[in-house]
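Here is a short report on a protein structure.

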2 protein chains.
Amino acid sequence: MERMSFLDAEFLAIEDHLAHMHIAGCNIFEGPAPAYDDVLGAVRSALPNLRRYRQRVKDVPLGLGRPVWVDDPHFNLEYHLRHTALPAPGADSDLRALVGRLMSQPLDRQRPLWELWVVEGLEGGRWALMTKVHHCMVDGVSGADLAYAILETERGAGPAIGVSEDDWRPSADPAGLALVLDAWAGLVGDSLRVARKIPGTLIHPSRFVAGVRRLADGLAMVGRVEGGGGTHDSSIDGSIGPHRRYDWCTVALDDLKAVKDALGGTVNDVVLAAITRGFRELLLSRGELADGLELRSLVPVSMRPRDEHGGAGNRVSALFVRLPVTVEDPAERLAGLRRQMDEMKESEGAEAGDLVTNAGDFAPPFLMRLATQSVLRIMNRGRVRPFDTVTTNVPGPQIPLYSLGREMIEWLPFVPIAQGMRIGVAILSYNGKVTFGVTGDYDTTPDIAVLVHGIEEGLRELQKLAGQAPQGVAPTG
Amino acid sequence: MERMSFLDAEFLAIEDHLAHMHIAGCNIFEGPAPAYDDVLGAVRSALPNLRRYRQRVKDVPLGLGRPVWVDDPHFNLEYHLRHTALPAPGADSDLRALVGRLMSQPLDRQRPLWELWVVEGLEGGRWALMTKVHHCMVDGVSGADLAYAILETERGAGPAIGVSEDDWRPSADPAGLALVLDAWAGLVGDSLRVARKIPGTLIHPSRFVAGVRRLADGLAMVGRVEGGGGTHDSSIDGSIGPHRRYDWCTVALDDLKAVKDALGGTVNDVVLAAITRGFRELLLSRGELADGLELRSLVPVSMRPRDEHGGAGNRVSALFVRLPVTVEDPAERLAGLRRQMDEMKESEGAEAGDLVTNAGDFAPPFLMRLATQSVLRIMNRGRVRPFDTVTTNVPGPQIPLYSLGREMIEWLPFVPIAQGMRIGVAILSYNGKVTFGVTGDYDTTPDIAVLVHGIEEGLRELQKLAGQAPQGVAPTG
């Protein structure tokens with residue numbers, strides 16, 4: 001029996017029918033699609049290294065402590081690994097609808113909190129793996145992510161199909177007195193840990209927990225600087241429903257770098273400028289681009305404190321960035337963002353890393369989780385929500401990855417939204433491509449494509465400004 | 001503004017995360033699949049006749065009365081009409097998994113309570129329409145069912161695609177005082193209606209409500225005769241989870257009739273004998289076929305009271321049937337069921353109709369709903385659950401039906417299960433075929449295929465007994 005961490009228990013507790021606390025992603029592979037049984041075999045052979053994936057959450061009686069993780073005696077891999085297809089010809093629009101639908105469904109609390117979907121029939125013979133994992137599984141999963149477990153760095157390394165059943169047998173379900181007694185011990189532990197949550201104090205032993213807490217602390221600090229709160233007159237923020245929309249576009253990392261080289265700033269600045277243009281287009285089309293309107297985005301970034309040299313590792317923190325949506329001139333827009341980022345680096349006494357290109361010590365999915373978790377935590381707890389949207393910008397591997405002998409050709413990132421925030425943008429780089437994944441609330445963001453188109457346009461106008469013609473990857477989605 | 005009927009409100013109230021109160025069906029058509037936009041057009045042009053499909057449920061403040069139906073100002077047809085596909089080659093096993101998954105998801109209470117799924121990629125170029133409609137919509141929908149609205153009796157009658165938008169505008173949402181005042185009036189009405197629920201009293205104005213209440217009354221009566229209650233030692237009944245499995249098989253109606261002609265009894269008796277053999281096989285494979293074990297099935301049937309002559313219409317009522325699962329000899333099994341049915345007809349003073357062949361005044365989907373509703377109502381309210389399973393046997397049209405110019409080649413019926421009942425069987429005849437659709441609880445019925453195979457075997461052995469070789473339709477599924 002293992003008690004859930006304080007933080008994970010919190011993610012479980014704040015989930016309701018509107019805010020889904022699952023992390024997701026969509027990995028698109030070249031064809032042909034593998035047989036379902038082959039994927040089943042690959043996942044089955046990865047399971048022995050993924051303890052949490054066969055455990056479920058068990059509440060402690062009378063709410064006397066944090067929930068515990070127990071082996072699921074009814075674990076059934078075929079429940080979790082699902083098989084579906086897009087209707088012919090497998091258009092991106094159908095993939096968008098599918099991602100949106102799958103993200104709108106909560107995970108079953110009575111089972112291990114994950115689903116993996118094999119999606120066949122994408123145009124051009126492609127197929128996809130969609131992952132859906134509850135936030136509260138992060139601590140136990142560590143770096144050994146499910147998606148990672150069946151990804152390889154070499155084509156044809158081949159899945160360990162046909163490996164005989166491992167000798168996993170579910171442990172007995174703890175019940176009654178043992179749980180209650182342990183709960184009291186847990187409470188004491190919790191109090192100590194809460195006391196240690198004072199900003200600046202690093203919590204051990206888990207660097208994960210430390211990272212997340214630092215992000216929350218960082219946010220609080222920046223929030224004070226900015227003055228927090230404030231009301232807005234745009235429809236970008238507001239209440240949400242349980243259903244989601246999803247859309248994305250992909251650009252070449254080299255295109256972003258060429259713009260940066262010609263116009264100055266970081267790739268991060270260029271990305272933010274493109275997103276700003278996207279929101280500008282959305283607000284324009286909704287007739288809401290009032291004078292002086294600014295959108296504030298939370299941007300989790302990698303911070304390297306000045307007093308730390310060498311291998312102390314990256315820190316994750318968060319910045320508020322004001323997206324200058326009313327600025328019409330693309331050069332001015334980029335310059336404004338660059339100035340803002342530079343100022344923030346100055347005032348925060350830290351160097352905001354350029355996450356798109358500088359992969360840190362964290363595995364990308366984990367970084368995405370840190371960002372996501374922190375955002376959800378803040379959105380769901382604070383009464384004053386000091387930002388309108390979120391922009392998670394995460395570096396991925398710049399080499400091709402494979403699964404079951406097929407190359408992964410796109411990696412679509414997903415960021416959850418939460419009450420008060422109707423749109424979020426996740427940015428992920430992978431093997432020379434950068435993908436912008438946009439999550440929208442279903443009812444209030446029917447025009448999600450306008451935003452995505454605006455991001456593409458924003459990049460095109462910057463390339464034009466830099467005297468560049470687009471290379472490599474044509475915008476898609 | 002329209003108040004929900006007493007009965008419908010009850011169906012809404014008893015729904016929880018384990019018992020889903022939606023009615024479903026899967027209509028399989030010959031290929032090629034129509035374009036999604038064509039289906040969209042067909043449904044859109046049917047909507048003006050389906051008022052409820054653009055209305056949502058609104059609760060009355062402080063629980064002061066039954067909920068009301070209000071127009072959904074955010075109605076979005078594309079949310080409700082969904083598009084998906086089976087992974088290639090579109091095996092029945094994948095369709096089974098899809099039906100099970102879709103049935104496991106509750107409908108969103110904030111929206112009109114229905115979904116229609118266009119499923120492409122079934123083997124042989126076939127496609128399907130899956131309907132999912134909440135029980136509480138029945139009264140308002142009347143005979144004009146959504147599936148019916150886009151089915152035609154002639155090929156190529158053609159959907160009314162391209163019909164211009166109807167002039168539907170959502171009515172204003174009632175709120176506050178008006179709701180509360182109306183609620184009090186509603187309460188008075190409810191009391192009167194409850195008072196009238198005494199057995200034998202026919203309720204007006206709705207024959208639907210009358211039918212359903214009669215079914216409940218009928219059950220109560222038979223239950224008294226049977227002695228009710230009792231414990232069982234089989235795993236057929238017991239608690240359920242939120243997830244479902246689905247499986248089916250199809251036989252030729254003529255085969256059933258030939259067996260009946262050779263061995264006596266009704267088609268209904270033959271159907272029950274086949275199902276009994278199915279449960280026998282399931283219990284055998286689970287090692288639970290103890291001496292003296294009997295399963296009791298609720299069987300909603302058409303009853304024509306003796307004192308009514310002529311066109312008074314069918315009545316729906318319910319019988320308990322003891323399925324003689326321990327009897328090994330097929331002839332003896334059939335004879336036992338026949339004797340039982342004959343006795344019941346005698347003791348109830350009514351003629352239990354042979355529903356497979358005698359289509360009554362009700363449209364088949366409606367009959368299915370009546371049966372389903374009654375079963376759920378009884379299962380979820382009674383403390384003593386006097387039966388182990390349910391067998392709904394409903395006649396469908398014996399002519400081919402079409403949609404968007406494609407012939408419907410199979411009609412798979414679905415019956416919900418409820419707390420205490422892990423397996424249910426729905427039987428539906430359509431155009432010379434009879435389909436047995438089996439619903440099982442996901443966790444406790446992993447061997448649903450054993451039951452389905454047993455039903456097929458049960459029919460085969462009866463045919464052999466009758467000196468018949470199978471005709472027409474080979475068993476599928």
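## Where the chains meet

The contact draws on 22 residues of chain A and 22 residues of chain B. The model is predicted. Between them, chain A and chain B bury about 1900 Å². Carbon and sulfur atoms carry 43% of that area. On the side of chain A, the most area is lost to chain B by A:Pro87, A:Arg101 and A:Tyr442. Together they make up 26% of what that side buries.

Polar links also join the chains. Two salt bridges are counted between chain A and chain B. In one salt bridge, A:Asp443 pairs with B:Arg111, with the closest N and O atoms 2.4 Å apart. Residue pairs in polar contact between the two chains number 13.

Which elements of chain A each supply at least two residues of the side that touches chain B? The table names them.

| Element of chain A | Residues |
|---|---|
| α3 | 77-80 |
| β5 | 81-85 |
| α4 | 92-104 |
| β6 | 114-122 |

The largest share, four residues, comes from β5(A). By type, the side of chain A that touches chain B has eight nonpolar, five polar and nine charged residues.

## Helix α9 of chain A

Helix α9 of chain A covers residues 253-263. Its buried residues are A:Leu253, A:Asp255, A:Leu256, A:Ala258 and A:Val259. What do they pack against? Their partners in chain A are β9 (244-252), α10 (267-285), β18 (433-441) and α13 (448-465). Just after α9(A) comes A:Gly264, with a positive phi of about 90 degrees.

Key. Residues numbered from 1 in each chain as written. Chains lettered and ligands numbered in written order. Predicted model: local features only at pLDDT ≥ 70, side-chain atom pairs only at ≥ 80, totals over all residues. Heavy atoms only, no water. Contact = heavy atoms within 4.5 Å. Buried area = accessible area lost by both parts, 1.4 Å probe. Salt bridge = Lys/Arg side-chain N within 4 Å of Asp/Glu carboxyl O. Polar contact = N/O pair within 3.5 Å; in protein donor to acceptor, adjacent residues only side chain to side chain. Nonpolar A, V, L, I, M, F, W, Y, C, P; charged D, E, K, R; others polar. Buried < 20%, exposed > 50% of the residue type's maximum accessible area, 1.4 Å probe, protein only.
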